[in-house]
Amino acid sequence: MTPSHPALGTLRETLRPYGDVRRRNASAWLPPVGRLRRNMRRYDDTDEVDMVVIGCGAGGATLTQRLAHAGWHVVCLEAGPFWDPDTDWVSDEAGSHHLYWNEPRVVGGDHPVPLGANNSGRGVGGSMVHFAGYTPRLHPSDFHTKSLDGVGADWPITYDDLKPYYTRIERELPVAGQYWPWGDPHPHPHGPHPVGGNGQVMLDGCAALGIEARVGPVAITSGRFGNRPHCVYRGFCLQGCKVDAKASPLITHVPDAITHGAEIRDGSMATYIETEGGRRATGVHYVRGGRPRFQRARAVAVAGYSIETPRLLLNSAIANDHDQVGRYVMVQGAPQTAGRFADEIRMYKAPPPEVSTEAFYETDPGRPYQRGFAVQTVSPLPITWAEHVTAQGHWGTDLRERMRDYVHWAVLGSLCEFLPQPDNRVTLSPDESDRNGMPVARFDHSRCANDDQLMAASQQVMEDILRAAGATELMTIERYAHLVGGCRMAATPHDGVVDADLRVFGYDNLFITDGSVLPTQGSANPALTIMALADRAADRLTRGEVPRP
Amino acid sequence: MIPARTARTARLAAEAKATRKRPKRIADRAHTWDPATAGVVLARLGPRPPLGYFSPTEEAAARPLLAHLLATWHDEADIPVLSFIDERLASGEGDGWRHAGLPEDGPAWRRSLAALDADASLRHGRTFAELGHGEQHRLLRHIQDLGSHDWYGMPAARVWSLWTRYACAAYYSHPHSWDETGYGGPAYPQGYLRLGRGTREPWEAPR
């Protein structure tokens, strides 16, 4: 798989002119999105637009931009606000609470998963506004884990189907990092960032153990990209990037969408998809400014992510003939190990996503478990660090002592590929509604034996790395990261909700273009894959390879 | 070309360096932050509104509870943790999820504080606030040790995590706590320049 000339590939990619990127998506070269928004085209509810997209995150915004660019009339409904990074975002943990989806949700099961800040966004840009910035690809093996390893599921598409879209999106974000030796080896369009203390610890530890590790891949400009400046290493990737260096659809796809006539309608909470004859969607009911409204449309794409997309479909009582909606929701096991060092690490400097390794990603026949995990730097800020310390059972004087030592700690996190399970699912709460009267979502989650083994194995590796880098004390906690599945793509309607073109089985004009369509998740952060899938679906629609609704 | 330093400029530079004051507190650097961030952070140093969510009985239990969780008895900096939590609960700002079997965060706080008083009076015949320091500490340790077992109709570990989550978010959002931890604070538009093990910005004190 290794190409003969990684160095040449890297050189070619970093020296590449931006012409085709700019023709495909000029977002980085356009005026600030706040200014573009003032002249944004507005549609009437009575206009039958070509597509109404629900949700303006990784999947929804990418689809909106691609369709608008191809001349479609598109309205994108977003429940949250249209952000102005200058005034709405701050370099502060507690002051960034409004970036998360904070509406009521219930979590249950044997291993309940916290939502909100952990994995759910709100507003234009979606959860990519506060995602760390890691943008690895899935490995080719991820697309057929069932036939390869006997676990998980086979996708109705292969890695090669998605590869060109990975490359396109990587150039549009753009992704910075060293040449990637794992999965399908590939270079990145921007060079790697310098590493801070935490990244250095991980590189030191991995080098001592002979584990391959690399800087990146992160969707953070390393050098100027259009009007977007270089990262300033202030460390607040998870609080929204005020610098405009870290990618989110708000700056990577929405500007171009607006200049091509798309309307991003913020503050619009979709509550019900109207259909006729069980085959066609005719529009979307939503609430804006307290008033119920209805947008007519020739086609509908749902991109509300793994909790809200199933919730909307279940509330609309559609697409669920085979009881697949809301099932196979996945999170990654993300144990986090901290190590104390004699020298100052000061992990709050530099982006939290710095260094990662995928050396343990694939199934190792010598191990008792299937599939694997990735290890990455995480670098929590003080409040999140305090959560780590208290999760370890410390409180009172113990807690304060460890907090006083903050600058001496380095933190690694792993992403374990938890397997899809039918009972890890989203359902509607029978007796609880939100302020719009829509039933609240409940998400039940339990781990299987393979999941537990991966958690333990990755903890061992992280502890080894930190010890090899010189750590004198270790603290590991269990947590979960990311969210995918819930309306998975499959070859037949008995196994999933959408087909390989992300069209809902049985419908001519209803699509799902977000992370909920992933049948498996690998050990990769999902943002890049979600964007690539939406790009592919849009490409096939606009080329006419899927009949235009 | 840089001219060679004269003895005089070298002496002046050394004097200036010796008399240059390090800012005592991270909050003193607010002039280097963007206005939105400075507004949000400095507001935490300002006057606090009266409590609006907790009843006097709940307040009486919550104060010693938070003092134990955060060991704040001897602190010079008086970080208004209870006031921050009260304000958050009064505004109804949730975290976007709650455990099945537990109510929303606000009512869960009320229930847990009532349970704290009930447990204290069962063991000692007094409210939690009236217990001695050691008795309070032992009772809290007992609740922590219950783990996932039931405590007054709630899984003890969930209550513990609710308490510590809110207490830490309040305490460590205050800029005076950053002086304690050595955290450099907001750094936009300035950014951080000195990255890597063992390095620090000129204004960061060694730890």
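Start with helix H14 of chain A, residues 449-468, and color its buried residues: A:Asn450, A:Asp451, A:Leu454, A:Met455, A:Ala457, A:Ser458, A:Val461, A:Met462, A:Glu463, A:Ile465 and A:Leu466. Buried means under 20% relative accessible area, exposed means over 50%, and partly exposed is in between, with a 1.4 Å probe and protein chains only. Helices (H or I, at least four residues) and strands (E, at least two) are DSSP runs, numbered from the N terminus.

The model is predicted: local features need pLDDT of at least 70, side-chain atom pairs count only at pLDDT 80 or more, and totals for chains, interfaces and linings use all residues. Residues are numbered from 1 along each chain as its sequence is written, chains are lettered from A and ligands numbered from 1 in the order in which they are written, and side-chain values use heavy atoms, with hydrogens and water left out.

**Around H14 of chain A**

What covers the buried residues of H14(A)? Select helix H8 (197-209) and the strands S10 (327-333), S11 (336-340), S13 (373-377), S14 (409-416) and S17 (473-477) of chain A, which are among the covering elements. Contact means heavy atoms within 4.5 Å. The end C-alpha atoms of H14(A) are 29 Å apart, which agrees with the 28 Å that its 20 residues should span at 1.5 Å a residue. The expected span is 1.5 Å times one less than the number of residues. After the helix comes A:Gly470, with a positive phi near 110°.

**Helix H15 of chain A**

Next, select residues 527-542 of chain A, helix H15. Its 16 residues reach 22 Å from first C-alpha to last, close to the 22 Å expected. Because 14 of the 16 residues are buried, H15(A) is largely enclosed by the rest of the structure. Just after this helix, A:Gly544 has a positive phi of about 85°.

**Two annotated spans**

**Two buried loop residues**

Go to A:Trp72, in the loop between helix H4 (58-69) and strand S2 (74-77) of chain A. Is A:Trp72 buried or exposed? Its relative accessibility is 4%, so A:Trp72 counts as buried. Leaving aside neighbors within four places in sequence, A:Trp72 is in contact with A:Asp50, A:Met51, A:Leu67, A:Leu541, A:Thr542, A:Arg548 and A:Pro549.

A:Gly235 is in the loop between strand S4 (214-215) and helix H9 (249-252) of chain A. A:Gly235 is buried, at a relative accessible area of 7%. Not counting residues up to four places away in sequence, A:Gly235 touches A:Tyr348, A:Ala350, A:Pro352 and A:Leu381.

**Backbone exceptions**

Most residues other than glycine have a negative phi, and most peptide bonds are trans. Select A:Leu173 and A:Pro174, which are joined by a cis peptide bond with omega about -20°. A:Pro174 is in the loop between helix H7 (159-172) and H8 of chain A. The bond from A:Gly216 to A:Pro217 is also cis, with omega near -5°.

For positive phi in a residue other than glycine, select A:Asp323, near 55°, and A:Leu502, near 65°. A:Asp323 is partly exposed, with a relative accessible area of 35%, and A:Leu502 counts as buried at 2%.

**Chain B**

Finally, show chain B, which has eight helices and three strands. Along the sequence the pattern is α-α-α-α-β-α-α-β-β-α-α. Of the 207 residues in chain B, 49% are buried.

Select H5 (residues 105-124) and H6 (residues 133-145) of chain B: they pack at about 115°, with axes 11 Å apart. Axes are lines fitted to C-alpha atoms, for helices over the stretch in contact, and angles run from 0 to 180 degrees between N-to-C directions. The contact is made by B:Leu116, B:Asp119, B:Ala120, B:Arg123 and B:His124 of H5(B) and by B:Glu135, B:Leu139, B:Leu140, B:His142 and B:Ile143 of H6(B).
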